[in-house]
Amino acid sequence: SDRSAAQRRSQQRKKVRLAAQEALANGVTSFHDQGASFETIELYRRMAEEGELGIRMYAMVSQSEVRPETQDSLAALRTVGAANDYFTVRAIGEVTVDGALGSRSAWMLEPYSDAPTNTGINVTPMDRVREIAKIALEEDYQLAVHAIGDRANRESLDLFADLFEQEGVEGDTLRWRIEHAQHLHPNDIPRFADLGVIASMQAIHACSDAPYNYQRLGTDRVTQGAYVWRTLWEEGTIVGNGTDVPVERINPLASYHCTVVRQVPGTDTTFTPAETLSRRRALRSYILSNARMAFEENTKGALVPGKLADIAVLSQNILTVPADELLRTEVDYTIVGGNIAYTRE
């Protein structure tokens with residue numbers, strides 16, 4: 001390229017600043033980057049130390065960087081709460097076990113209803129996932145794996161269970177995460193709580209995927225195991241929430257609306273409404289559960305003395321307004337560490 005290294009660095013900083021501004025405009029004060037290179041993580045570190053990050057960053061090391069020969073770098077990189085709690089690196093993720101439902105690449109136990117010879121794909125071979133998982137254990141890193149299909153989820157839970165037993169560790173203390181956890185076999189639902197594995201889900205997907213769920217999977221699989229937030233919650237699983245930006249827009253309120261209504265976009269119909277969460281639980285999934293997913297429940301997730309003053313001030317009370325008003329909610333202010341970081345024009 002014709003650009004100098006300095007120009008490239010300046011461009012990268014600008015991208016990070018713009019992304020942070022977009023997050024703050026949507027009331028997001030902490031961001032989980034699921035898959036950053038060593039180079040990007042060093043950029044985050046420098047920006048955090050210089051007070052330029054604007055948002056609190058929980059950076060995960062990309063799976064491509066994690067190999068036996070990089071373990072020393074991984075150990076040196078591990079950082080918790082640096083730069084006044086703006087910068088943490090203590091996770092590897094997200095390790096891609098399968099694809100997605102829309103493209104029929106989510107890894108399923110049984111073939112797709114609309115493609116009878118296809119069960120999806122295993123993207124990262126499970127032996128390689130195991131290698132990454134063992135390194136995570138050795139270096140005290142949280143592991144986050146991407147699993148959408150019921151087979152991808154089962155294979156991930158099997159692998160976690162096997163390693164926990166081999167190494168004599170308690171899953172509750174590790175807080176390993178399955179990102180998405182969208183389609184589960186009923187037998188695997190209780191295993192999340194039993195193993196101490198977090199269901200790091202993105203509620204918005206239930207609504208955006210709803211139009212083709214029944215085609216792909218048929219009624220039984222959808223009703224028994226599609227986006228089972230409430231069932232997981234009631235089994236004792238920690239259920240997180242998010243937007244999966246840039247796959248979806250970075251709008252927590254749209255995801256919150258889907259969590260409590262599960263409305264198929266552009267229609268009056270709802271999608272498996274028995275799995276909606278109450279508004280209070282939905283809020284908790286976004287705030288306290290997410291803080292817990294990042295080992296940060298002692299500093300974030302509630303407005304109490306001694307915790308970080310990270311606050312989104314909304315235009316209306318999302319616990320009480322009529323459901324069809326939720327999507328009209330706007331972010332008036334975003335406050336990070338007690339300072340106003342965004343004001344709506």
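**Figure 1. R9, Q12, R13, V16 and R17 of helix 1 meet L43, Y44, R46 and M47 of helix 2.** Contact here means heavy atoms within 4.5 Å. The model is predicted, with local features requiring pLDDT of at least 70, side-chain atom pairs counted only at pLDDT 80 or more, and totals for chains, interfaces and linings using all residues. Residues are numbered from 1 along each chain as its sequence is written, and side-chain values use heavy atoms, with hydrogens and water left out. Helix 1 spans residues 5-25 and helix 2 spans residues 38-49; helices (H or I, at least four residues) and strands (E, at least two) are DSSP runs, numbered from the N terminus. The two elements, helix 1 and helix 2, pack at about 70 degrees, with their axes 11 Å apart. Helix 1 is therefore roughly perpendicular to helix 2. By class, the contact of helix 1 with helix 2 comprises four nonpolar, one polar and four charged residues. Ala, Val, Leu, Ile, Met, Phe, Trp, Tyr, Cys and Pro count as nonpolar, Asp, Glu, Lys and Arg as charged, and the others, Gly among them, as polar. Axes are lines fitted to C-alpha atoms, for helices over the stretch in contact, and angles run from 0 to 180 degrees between N-to-C directions. Angles under 35 degrees count as roughly parallel, over 145 as roughly antiparallel, 65 to 115 as roughly perpendicular and the rest as oblique.

**Figure 2. The second largest pocket has a volume of about 280 Å³.** Of its 17 lining residues, K15, V16, A19, A20 and Y44 lie nearest the centre. V16 and Y44 also take part in the meeting of helix 1 with helix 2. Helix 1, strand 1 and helix 2 each supply at least two residues of this lining, and the largest share, seven residues, comes from helix 1. The lining of the second largest pocket divides into twelve nonpolar, two polar and three charged residues. On a 1 Å grid over the protein atoms alone, a pocket is an open set of points where a 1.4 Å probe fits, with protein on both sides within 12 Å along at least five of seven lines; lining residues have an atom within 4 Å of a point. Grid points are joined across faces, edges and corners, and a volume is the space filled by probe spheres set on the points.

**Figure 3. The largest pocket has a volume of about 1500 Å³.** The lining comprises 49 residues, and those closest to the centre are G27, V28, S30, Y286 and N290. At least two lining residues come from each of strand 1 (30-36), strand 6 (177-180), helix 11, helix 12, helix 13 (288-293) and strand 9 (311-314). Strand 1 gives the most, with five residues. The lining of the largest pocket holds 23 nonpolar, 17 polar and nine charged residues.

**Figure 4. Helix 11 (residues 252-261) packs against helix 12 (residues 279-286) at an angle of about 140 degrees, with the axes 9 Å apart.** This angle makes helix 11 oblique to helix 12. Helix 11 passes helix 12 in a right-handed crossing; a crossing is left-handed if the near helix is turned anticlockwise from the far one by less than a right angle, and right-handed if clockwise. Helix 11 contributes P252, S255, Y256, T259 and V260 to the contact, and helix 12 contributes R279, A282, L283 and Y286. Six of these contact residues are nonpolar, two are polar and one is charged.

**Figure 5. Helix 5 (residues 126-138) and helix 6 (residues 150-167) pack at about 40 degrees, with their axes 11 Å apart.** Helix 5 is therefore oblique to helix 6, and passes helix 6 in a right-handed crossing. On helix 5 the contact is made by M126, V129, R130, A133, K134 and L137, and on helix 6 by E155, S156, L159, D162, L163, Q166 and E167. The contact of helix 5 with helix 6 has six nonpolar, two polar and five charged residues.

**Figure 6. R191 lies in helix 8 (residues 189-195).** Neighbours within four places in sequence aside, R191 is in contact with R154, L157, D158 and A161. The C-alpha atoms of R191 and L232 are separated by 9.5 Å, although these residues are 41 residues apart along the chain.

**Figure 7. The peptide bonds from G93 to E94 and from V245 to P246 are cis.** Omega is near -20 degrees for the bond from G93 to E94, and E94 belongs to strand 4 (residues 87-96). For the bond from V245 to P246, omega is near 10 degrees; P246 is placed in the loop between strand 8 (239-240) and helix 11. A83, in helix 4 (residues 82-85), has phi near 50 degrees, a positive value in a residue other than glycine.
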